[in-house]
Amino acid sequence: MGFMDKAKKLAEQAQEKLDEAQKNFNEKQGSGSQPAQGGARYDEHGRPIQEETPAAATAPPSATPPADPTAPIADAPPEAAAAPAPPTERKPDTDTNASPDPFKPIDQ
């Protein structure tokens, strides 16, 4: 028997073992994935399809703003409800260059 014949025979045996292992795996997966309720449906990717989608189960949020936007949120702690301090005014720099040289070192 030549080398090519032996290689071909070994390849066929390996393919048979792979087919058998795949068959066993598929049998185990098929028996384990059957739901007890029997009425579950699956999409093309094998994911269970919910009868009622989560988006349909809850009402959409209201598009109208609250009556007083500065009012604290009911669940927020009192310290979080305090209005932030107004920013301090800065005087504009009189030394500001509208188009600075990017290669010039910064003087401090």
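1. Confidence comes before anything else: this is a predicted model, in which local features need pLDDT of at least 70, side-chain atom pairs count only at pLDDT 80 or more, and totals for chains, interfaces and linings use all residues. The average pLDDT (the predictor's confidence in each residue, from 0 to 100) is 75 for the protein, and 61% of the residues score at least 70. Where pLDDT is low, the predicted coordinates should not be read in detail.

2. Now to the fold. The protein has 3 helices and 2 strands, where helices (H or I, at least four residues) and strands (E, at least two) are DSSP runs, numbered from the N terminus. Their order along the sequence is α-β-β-α-α. Among these elements, helix 1 (residues 3-32) has the highest mean pLDDT, 90, while helix 3 (residues 78-81) has the lowest, 56. Residues are numbered from 1 along each chain as its sequence is written, and side-chain values use heavy atoms, with hydrogens and water left out.

3. How many of the residues are buried? Of the 108 residues, 0% count as buried, meaning under 20% relative accessible area, with exposed over 50% and partly exposed in between (1.4 Å probe, protein chains only).

4. Finally, look at the charged side chains. There is 1 salt bridge, a side-chain nitrogen of Lys or Arg within 4 Å of a carboxyl oxygen of Asp or Glu. Arg47 pairs with Asp43, with 3.0 Å between the closest N and O atoms. Asp43 counts as partly exposed because its relative accessibility is 23%.
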